[in-house]
Amino acid sequence: MPTYEKFDHHSAECRDDIVGYYAAFRDKCPVGRTDAHENGYVYLTRYADVFQVARNDALFSSTRAAGNLEGTAIVIPSGPFGGNMQYPLELDPPDNVEYRRLLDLILSPAAVDELRPMIARHASRIVDEFIESGSADLVEVLTNPLPSAVTLDWIGFPEEDWMRIGRPIHDVFTSEPGSERAQRAYEGMAYMEKRLAEIIAERRANPGDDVISRLLAERKADGSEFTDAEVFSVIGIAITGGVDTTTSLTGSVLVHLDEHPEMRQQLIDAPDLLVDGTDEFLRRYGSVTAMSRTTTADTEIGGCPVQAGERVLVPWFAANHDPEVFTEPHEVRLDRDASRHLTFGIGTHRCPGAHLARAMFQEMIHQVLTRLPDYKVDREGVVGYASRGNHMGWDVIPATFTPGPRVGDRIDQFQGASHDNETYDVVLDAVDVVAEDVLAITVRAAGGGTLPRWQPGAHLEMRLPSGRLRQYSLCGQLDDPSSYRVAVLRERAGRGGSEELHDIAVAGRELTVRGPRNHFPLVDADGHLLIAGGIGVTPILAMARSLAARGRPARVVYGGRSRATMAFADELTALPGIEVDLVPQDEQGIPDLRAAIDATAPGTAIYCCGPSAMISAVQALCDELGRRADLHVERFAASDEMEARLASTENNKPFKVELARSHQVLDVPVDKRLIEVVREVLPGLNYDCEKGFCGSCETRVLAGKPEHRDEVLSDAERESCSTMMICVSRSQSDRIVLDL
Ligand code: HEM
Ligand code: FES
């Protein structure tokens, strides 16, 4: 590992290898002091230290006053926005709270879901404008215009302003200080400010059904109005904070997918992977690399004394690459649960635009993967930001692709991203024992009708009466649009989901489901080897049936404890053209996976679904035999582990929640989460991870004793009983009063 003389997050060394740069300092001196820039600063490199500082506004302030600075104190060196104070970013609690509420209102998951068709419309139109050309700078034609148009349209700027303002926002982040481009950037920003002030004044005079009118109609806690200047500040930061950050993230991911064609293909084959993968991309390529705070009293960080007045660099990027929290952090792993990442910050200023950013990013990636899937980046021609100190991204991404047609109004919106992601009710139609401890359950749409179409490898998410969510692979007939079939093994040593489903599975029972979603699609290949272990046979059966129907040769290797435990063995062996090796362990031992893989020609697609140990063994063999690129596996493990913690209702007791501001008292039963109950009456509520990691749903407790189940609050905060994460936490007292 290289050693560096002195820490400087704006240095060329940091720019050229930002992961390695932070790793070197994390190894040598994880919290340190440097004299670079202005009067020097304390730098951090570890997740725990970044987390601690960003969550403690009393000791680490975001205000200019604490740092005695003219410009913004939230970056090092201090920012140039001398005149304009950015609310709420440059305020500490409680001064930020009123302004933050405005942002949460217009950027909540529900509010962003309403914007999705508009985002898709812009994305489609923007791609139409260059799709026939066959080559373009993807930043110029897509990743800058889309967030600009969406943000400015949403706020009410007319079309002629979108690019006039959008391009300068990018230039502010990328141009050399003092250059002609920087001059143009600041002229563009001045124009944006003038137009924003005019639009606010217009809406004040003639309120309409738009974002600005909505904010102007809001009142502060004391009943007073927000002034035009306050609304200007809040909206101004949403524009400048939201556009280029999303541009940079998307550019980085497009370059990554150019460098990793197998991952690009995976996303093309299974678009649903992008939903879960988005946070992993955010973790790895978070575009806001670092911000800063100012220390208000003598203290220590990670064992290092820090004095009042010292500036502290808060590198979100370094936290996201701390191997203590994310193994092999430099790798993008789409099946990683990355929801602890700090790309959106943590604490009172955590990005309220997270949902909008994800929605714009996903729509852009969706457009590229469906309309220019063979794009090729000219790696010699890419230009990165001159510094990665505060932001990271690409200024120019020249690419070529096969020209395609315009689509006009035929807009193909990215499916599967919405928060309210279509749940619906089904009725259990038939329940059959198909092997020892295995039930096959057939469901139909409650009220009749057809069910969404699916492809082999897809799974259905079922909400059990206890609130547990479980995913089951579909294994019925593809061409039957009126029913789905899943098979469930009773796992006596499991977490209770399969036992519960076995216990309640009687014909006529209703369940809520979501999906199907497909993370495990069947790709076209010269041949297919399908490896199943135990109940992992379910997606394999659907795949084998589909290959048989198309006359494609395939071999299935199916291992199980004994014949009696092996569901669907007869259905599999009856499929024409499919060679099936049934390997009951009590008769033949475990399948010879090495021989099975070795017998296939390179290019044969290898699918594996079964116990973790089997998947790991197949992965290791494929690595050894140089066949990893041919391997497809499905694990539900990341979400399972989480689910185990969140879904257990065992220790829940019912309580009442009183919403002080909206004067409502609601019952929270054992099988519902507090956030679910609150959301039913406050649909505009803001939240994000729903796992107790991100702090977005933090809510003030006015009375009662929370039962904390999150991973954000410190011990002191827990004991104070004054705040809680309503997504996972509950109440110890019979009644809890929240500031909602
Ligand atoms: C990938 C895209 C984005 C990234 C990486 C990002 C990152 C961040 C980070 C790290 C913060 C926390 C600042 C701190 O703790 O000091 C933040 C705050 C903020 N972001 Fe984002 N952001 C993104 C997109 C957006 C979007 C789309 C919007 C709005 C349209 C937005 C609006 C804001 C605002 C208003 C704040 C200040 C919040 C406050 O102080 O309470 N951001 N963002
Ligand atoms: S939504 Fe993330 S902690 Fe509650």
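# A walk through a predicted model

Guide: Let's start at Pro94, which lies in the loop between α4 (64-67) and α5. Helices (H or I, at least four residues) and strands (E, at least two) are DSSP runs, numbered from the N terminus. This is a predicted model, where local features need pLDDT of at least 70 and side-chain atom pairs count only at pLDDT 80 or more, while totals for chains, interfaces and linings use all residues. Residues are numbered from 1 along each chain as its sequence is written, and chains are lettered from A and ligands numbered from 1 in the order in which they are written.

Visitor: Is the peptide bond from Pro93 to Pro94 cis or trans?

Guide: Most peptide bonds are trans. Here omega is near 5°, and the bond from Pro93 to Pro94 is cis.

Visitor: What is the phi of Asn68?

Guide: Most residues other than glycine have a negative phi. Asn68 is in the loop between α4 and α5. Although Asn68 is not a glycine, its phi is positive, at about 55°.

Visitor: Which domains have ligand 1 between them?

Guide: The protein is divided into domain 1 (1-94 + 289-342), domain 2 (97-285 + 353-400), domain 3 (423-517), domain 4 (528-633) and domain 5 (651-738); such bounds come from an automatic or database domain assignment. Two of these both give residues to the shell around ligand 1, so the ligand lies between domain 1 and domain 2.

Visitor: Which helix gives the largest share of the shell around ligand 1?

Guide: Ligand 1 is surrounded by 31 residues, with Gly242, Thr245, Gly345, Cys351 and Gly353 the closest; a residue is near a molecule if its C-beta atom, placed from the backbone, lies within 6 Å of it. Elements giving two or more residues are α5 (97-107), α12 (228-259) and α16 (354-371). The largest share is seven residues, and it comes from α12.

Visitor: Are α9 and α10 parallel, perpendicular or oblique to each other?

Guide: The axes of α9 (residues 159-174) and α10 (residues 180-205) come within 8 Å and cross at roughly 130°; axes are lines fitted to C-alpha atoms, for helices over the stretch in contact, and angles run from 0 to 180 degrees between N-to-C directions. Angles under 35 degrees count as roughly parallel, over 145 as roughly antiparallel, 65 to 115 as roughly perpendicular and the rest as oblique. That is why α9 and α10 are oblique.

Visitor: Is the crossing of α6 and α8 left-handed or right-handed?

Guide: Helix α6 (residues 109-130) and helix α8 (residues 145-155) pack at an angle of about 135°, with axes 10 Å apart. A crossing is left-handed if the near helix is turned anticlockwise from the far one by less than a right angle, and right-handed if clockwise. For α6 and α8, the crossing is right-handed.

Visitor: How far apart are the centres of domain 2 and domain 3?

Guide: These centres are taken over C-alpha atoms. The separation of domain 2 and domain 3 comes out at 40 Å.
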